[in-house]
Amino acid sequence: MKAKLLALVSLASLFFLNGCNGIGDKDTILARIDKEKVYQEDYTLLMKNGETYKTTKGQFLYDKLYSKAALVTRALAEYPELAEEWKTHFADLEPRFLTMIYQRYYVMECLTYSDAELRQYYDSNRGLFPSDSTGEFLMVRGDVASYYYVSKNQERFDSYLKDTLKLQDPSEEEILKQKKAFADAYRRELRGSLSDHILEKAHIGIQETPSVDAKTYYNKHKDEFMTVPGYELYHVQGDSAKLASLFAEAPTLEQFKAAAYANSTNSKTAKDSGYVGHVKQNFALPYGIGMVDALASALEGKQPGFVTEVLRAGNSFHRFYLAAQDPAKMKPYDRVESALQNGVKDGTYFDIDSSTVLITKSGKPVFTEADLLRYNELYFRQRMNLRVHQRIVEMVAETFAYAEIARELKLNHSWEYRALYRYNRLEYLSNRYVEKKLFDQDVPEDTLKAYYDYVRNAIQSGYSYEQSKNLVRKIALFPENLYKHDYFMCYRLIYAGKTYEQSISEIYNRNLGDYTVAKTERFATEAYENADVHLYDTRIAEFKPYKTADKLIARADSLYQAGKKSDAYYAYRDVMYAYAENDSLFERVAYEMAQVQGENEEFMDAEGEYYAFYTMWPNSVNAEKAMFSRGFMLNENLGWNDKALGVLEEFLKKYPNSELKESAQWLVDNIKSEGKLADDLMKKIEAED
C-alpha cells in the first residue's frame, strides 16, 4: 500500500536529514521503500556519471533506484543469504570504489580540495554560478574547484592572461572561460603525476612470481600434452530422407560398406566403400566432407559398430559408422620439449601455487594466487598467461594503493562513497534476486544431460558437462514457450535447416536479454506495488509502474485501438516475455501480435507469427483462422505460391467443415490455375461495370 507523508512532515524530515554533504555528514533522503532508503546524492551521482533521461524525473528515479530498492526488500526476505553474499562481493569492490573516488572526484574534479573548502567558496561567490538555480552545489562542484584554484593562484592566472594569452582588457565572460582552461591545465598535470610512486606511498609491494622449469611443468601438467582423440570412420553421403531410411536395423561393418558403395554420392569415398579413415575430434574431415559440428557429441561414449543418425556438414548430409575410437595419448617429453621451453620463456606455460603471496601491504600478505584466480573468474575473465597474470597483479596492487591513500584522506566517509555503495548494493542484490528467481531451481539430472547434448557444440569450447552445468541449467529453465515461438516464427532464415533441438542454444542467446529485462520489470512492479512507499520530495510526481499482466494488456489494447499498431505489437510482446510461463496469456498475445503485424502490412513477420501460433496451439479456437490467414498471406501478399498451396491444402484436410473452406478452395484452385481464376474474375467484374 502506498503512503505519502503530508508536506509539513516531509519538510520536517528533510530538515533533519539534510546535511552539508561534506565528509561524514548526512545525506538528503528522497524516499523510503520498506526498509530501503534512497537519497538525493544517489540521484546526483547518476547525473554526475553522465546518466540522462527523456522521461519524467519520477520515472527515472523509479527505473534507476526505487524499483531496485523494492526488489532488494524482496531479495533479502526470500533469500537472506544474499546479505552475506553482498558483503563478500563488496570486499572485492571497495578498493576500486575508493580508487575511483580518489582519482575522479577528489583529484580531477575537486583538485584535492575538501568539500568544506569548496562549499565555503561556493556560498561566498554564488554570482559565479548563475545557472545553478537549484543551489545544488554537488552538480557544479568541478566549476567551483576551478574558480577556487584560480583564486589561490591569482598572480599566476593574471600572468597567464597577460603574458601567455596576450589578452588586453578581457571581458568577464572571457575571464571565466580562461579560469576553467587554467584549472584544466592543472588537472592534466595532476593526472600525469597521479601514479608516481603510488605503491611506495601506500606501502604496497608486488612480489616476484616464482619461475618454472620446463620438465617440472611437464610432469605436473601431463594432461596438457595429450594427443587429440579421434575415430576411425566410414560414411555414406546423400539425401537426408533416403539416409534416414537406409538401415532398418543396426548394420554390420560389411553391410554399411556395401550400402556406402551402392548409395553414397561422395565419389571420393564411395569407391572405397565409404572409408573416411582416422580423423581427429572436432577437426574437419577429408574428401570434401568438412566440419560436422554434431559428430563429437554423437560419438561420445559410443562403442565400435555404432551408426549415427543423419548429420549435416555444410550443405551435405551423412551417416557415420564408428569402426574404432582413437583415445588421446601422452606425448613423450622429447616431442614437446622445445615448444615447452619456448612456452615457459614467453609466459605461455607458468605454474604458481594458489597459496603464493602476490601483493603485500607493509610487508603483510593481502593478495594471493588463489585471490587472483577468483578475481579472474568473477571479473576479468582473461585467458591466462604470465603477461596477463602480471598485468592483473599490477592493476590490483594499484587499486589497493589508491584505496589506502583514499582512506587516509577519509574518502571512505564521503558522500560519493556512500552513494556508490548504495547504488551498487541495489544493483547487485536486485540482479541476484532476478537471477535466482529465474534460474536457481532444481532440474532433473537426465533433463540437464539432454540439454547439454543439444547445446554442447555451442558453449565454451572443450567444457565438460560438469563445467557447463550452471549454464545448461539456465538453458533448461528458459521458458519452452519462448523457445518454440522463436523457432517457428523464424523458421525461414535464422533456423533454416536446423532442428528445434539444434536451435536451442541460439534461441536462448537471442532472447535471454529481452526475457530478463521483462521479468525484472514485472518483479519490480509487483514488489513496488506491495511495498510501504514514502516519497519525501513532493515536488517530484510519483511514477506508477505498469508492468503487470492486466496493465500491460490494457495498455497494448489501448495502443491498438488508438491505431498505434507498432507500439501495440511491442506492448503485447512485453506480456509474452514477462509472462512466458503463462500458457493462456502467451497464446492470447501471440495471436494479437500476428494480427497486428498483418494489419501493419509486415507480411513476412506476420506469416511467421501465424505459423508459430497454430503450430504451438493447434487446438486453439484461433488456430483455424491463423492457418488460413497465413496461407492467404503467403499467396496474396508474398507471392510464395508453392508454400501457400501446401498450407491451404493442409488447412482443407484439417478443417473440412470450416466456414473458410470455400475461400481456401478457391485460393488453391487459383494457384493451380496459375492465376487464371483471378484473371477471369477480374474480367467478369470489369464487364459488369
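**Reading a predicted model, feature by feature**

Student: Does lysine 410 count as buried or exposed?

Tutor: Lysine 410 counts as exposed, because its relative accessibility is 52%, and the terms are set so that buried means under 20% relative accessible area, exposed over 50%, and partly exposed in between, with a 1.4 Å probe and protein chains only. This is a predicted model, in which local features need pLDDT of at least 70 and side-chain atom pairs count only at pLDDT 80 or more, while totals for chains, interfaces and linings use all residues. Residues are numbered from 1 along each chain as its sequence is written, and side-chain values use heavy atoms, with hydrogens and water left out.

Student: Where does lysine 410 lie, and what is its phi?

Tutor: Most residues other than glycine have a negative phi. Lysine 410, however, has a positive phi near 65°, and its place is in the loop between helix 17 (386-408) and helix 18 (415-439), where helices (H or I, at least four residues) and strands (E, at least two) are DSSP runs numbered from the N terminus. Lysine 166 also has a positive phi, of about 55°, although it is not a glycine; it sits in the loop between helix 7 (154-164) and helix 8 (172-193), and it is exposed, with a relative accessible area of 58%.

Student: How should I read strand pairing, and which strands pair with strand 1?

Tutor: Two strands pair if DSSP finds at least two bridges between them. Strand 1 (residues 29-33) runs antiparallel to strand 2 (residues 36-39), to which four bridges join it, and isoleucine 29 stands opposite tyrosine 39 there. These two strands form a hairpin with two residues between them, and aspartate 34 in the turn has a positive phi of about 55°. Strand 1 also pairs with strand 10 (residues 533-535), in the antiparallel sense over three bridges, with isoleucine 33 opposite valine 533. Four of the five residues of strand 1 are buried.

Student: What is the order of the strands in the open sheet of four?

Tutor: The order is 5-4-7-6, with antiparallel pairing. Strand 5 (275-280) and strand 6 (311-313) stand at the edges with a single partner strand each, so one side of each has no neighbour in the sheet. The twist averages 45° from one strand to the next, where axes are lines fitted to C-alpha atoms, for helices over the stretch in contact, and angles run from 0 to 180 degrees between N-to-C directions. Strand 4 (residues 230-238) and strand 7 (residues 316-326) are joined by nine bridges, and valine 236 has arginine 319 in strand 7 as its bridge partner. Helix 12 (residues 253-263) packs on the sheet and touches both strand 4 and strand 7, its direction making about 40° with that of strand 4; contact means heavy atoms within 4.5 Å.

Student: Which residues touch the most other members of the largest nonpolar core?

Tutor: A nonpolar core is a set of buried Ala, Val, Leu, Ile, Met, Phe, Trp, Tyr and Cys residues joined through side-chain atoms within 4.5 Å. The largest one has 170 residues, of which Tyr66, Tyr102 and Ile359 touch the most other members. Apart from it lies another core, of 15 residues, among them Leu233 and Val279.

Student: How many disulfides are there?

Tutor: A disulfide is a covalent bond between the sulfur atoms of two cysteines. Here the rule is a pair of cysteine sulfur atoms within 2.5 Å, and by this rule the count is zero. Cysteine 110, at 2% relative accessibility, counts as buried, and cysteine 490, at 13%, counts as buried too.
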